[in-house]
Amino acid sequence: MGSHGFIYNQETNSSNIVNPLNPEEFRKQGHMIIDFLADYYQNIENYPVLSQVEPGYLQKLLPKSAPSVPEPIETILHDIQKHIIPGITHWQSPNYYAYFPSSGSVAGFLGEVLSTGFNVVGFNWISSPAATELEAIVMDWLGQMLELPQSFLFSGTGGGVIQGTTCEAILCTITAARDQMLSKVGREKMGKLVVYGSDQTHSALAKAAKIAGIEPNNVRAIKTTKSASFELSPESLRRAVRLDLETGLVPFFLCATVGTTSTTAVDPIGPLCEVAQEHGMWVHVDAAYAGSACICPEFRHFIDGIEGANSFSFNAHKWFFTTLDCCCLWVKDPGALIKSLSTNAEYLNNKASDSKQVVDYKDWQITLSRRFRAMKLWLVLRSYGVANLRNFLRSHVKMAKRFQQLVESDNRFEVVVPRNFAMVCFRLLPPTKIGYNKSDHRTRVVDDEEYANKLNKTLLESVNSSGQVYMTHTVVHGIYVIRFAVGASLTEDKHVIKAWKVVQETADALLATM
């Protein structure tokens with residue numbers, strides 16, 4: 001009873017109340033956290049890249065309930081160091097090569113701090129005019145850097161919006177495309193709408209289609225081939241569309257990809273758009289990873305034909321030094337998004353919106369509330385400039401080329417698909433297996449892809465469990481492939497050479513056991 005009484009007194013005594021946004025306390029604790037993070041980045045190589053903890057580890061370390069009285073920031077930071085950091089997979093480590101990068105920067109981080117500090121909820125223009133107008137400006141800046149047609153820019157007839165992720169961007173565009181097509185063919189045809197991608201298209205397409213109410217059986221994953229570097233063939237698309245039309249279905253949406261997740265394959269945008277246009281289909285180009293590289297003139301050709309698409313997106317939080325989350329989406333017809341996604345409540349009515357002279361971004365996205373994401377993108381563009389951003393990207397491509405050369409110099413390994421950007425797909429070739437054919441009493445080489453896959457899975461697991469580097473895998477057409485994606489901001493040549501050494505030494509040990 002005594003302890004409960006103490007807590008009651010603490011809660012009801014107004015003299016104990018501390019303002020949670022006290023400027024001086026903010027200054028003091030803010031300096032401490034910046035110093036904490038600076039030390040973290042300085043020492044990040046000391047941590048295993050892939051977290052080594054077991055599921056449920058944190059439950060055993062933290063109290064069963066929240067504290068009743070305040071705890072000092074020093075204690076909290078100590079617990080972060082002791083309990084949280086061991087459970088982090090270090091995406092900013094220079095030895096991180098998994099999935100796709102989540103590249104950070106001083107400007108991106110500080111832009112995030114400013115955005116969070118202002119803490120505005122910029123759902124429409126009047127709720128924070130600067131948030132809306134800055135977003136429109138930086139989206140046009142970035143669109144110009146990509147040499148997007150004027151039809152995608154506010155300075156033309158289109159416009160850009162910052163979404164959270166590619167999943168949101170695809171959901172928004174597929175919803176707009178759905179409603180646009182149903183307005184032509186009738187809402188009773190909803191069950192006949194068909195979505196197209198390849199067997200390499202990100203699973204975000206199937207998820208968006210599911211949320212948008214598209215029949216699961218009407219989502220096409222058109223087969224690609226290794227000989228064509230896993231790109232979506234326009235002829236394959238045309239055949240798939242023709243078959244669907246013959247059965248009374250309604251093709252309405254195509255998602256083409258520039259830089260697929262598995263192998264960074266690039267779909268031929270121009271020819272695919274030509275096929276789609278024959279049937280009035282909406283074309284969305286997903287360049288989540290590789291779009292960043294297209295600000296470099298030598299990579300711009302990968303999005304040739306973009307003028308035929310309806311929408312285009314890439315993630316600045318992947319390989320553009322802007323912290324998560326920041327997906328940049330451009331559309332030719334903002335009105336299509338607005339028609340599908342807008343809601344009008346009395347409490348949101350205001351003169352600026354009624355004037356139709358402003359952008360209300362709530363009508364360009366799924367949610368109502370939105371963050372001031374443009375701030376961090378603005379800081380990145382201003383702090384580094386176009387020339388330096390291009391050179392940062394080129395340095396990563398150069399390091400990936402270096403890794404590719406190292407792989408190719410060891411005849412025990414092979415590069416599985418051509419490298420387009422800063423990711424190398426490779427595998428360890430199994431030692432020749434000899435079998436005995438009883439019918440002719442001769443030895444023969446056994447072609448065992450399953451054996452090769454198990455070998456590479458074991459290799460990757462061993463590499464990652466070392467904690468020295470972290471890579472991930474994919475399986476394409478039955479082939480287990482190790483993906484080496486360069487893109488962490490702290491990565492240098494020495495880290496790439498070290499990664500290859502880890503792979504070689506692990507392969508040596510593995511092969512020695514056979």
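Let's start with helix α4, which covers residues 106–118: its 13 residues reach 18 Å from first C-alpha to last, close to the 18 Å expected at 1.5 Å a residue (that expectation being 1.5 Å times one less than the number of residues). Helices here are DSSP runs of H or I with at least four residues, numbered from the N terminus. Keep in mind that this is a predicted model, where local features need pLDDT of at least 70, side-chain atom pairs count only at pLDDT 80 or more, and totals for chains, interfaces and linings use all residues. Residues are numbered from 1 along each chain as its sequence is written, and side-chain values use heavy atoms, with hydrogens and water left out.

Ala107, Gly108, Gly111, Glu112 and Ser115 are its buried residues (buried is under 20% relative accessible area, exposed over 50%, partly exposed in between, with a 1.4 Å probe and protein chains only). Viewed down the axis of α4, these buried residues stay within an arc of 135°, so they line one face of the helix; the arc is taken from the directions from the helix axis to the C-beta atoms. They pack against α13 (374–408), with contact meaning heavy atoms within 4.5 Å. On the face turned away from the buried side sit the exposed residues Val106 and Gly117.

What about valine 113? This residue of α4 counts as partly exposed because its relative accessibility is 39%.

Finally, step just past the end of α4: there, asparagine 119 takes a positive phi of about 50°.

Methods:
Helix = DSSP H or I, 4+ residues; strand = E, 2+ residues; numbered from the N terminus.
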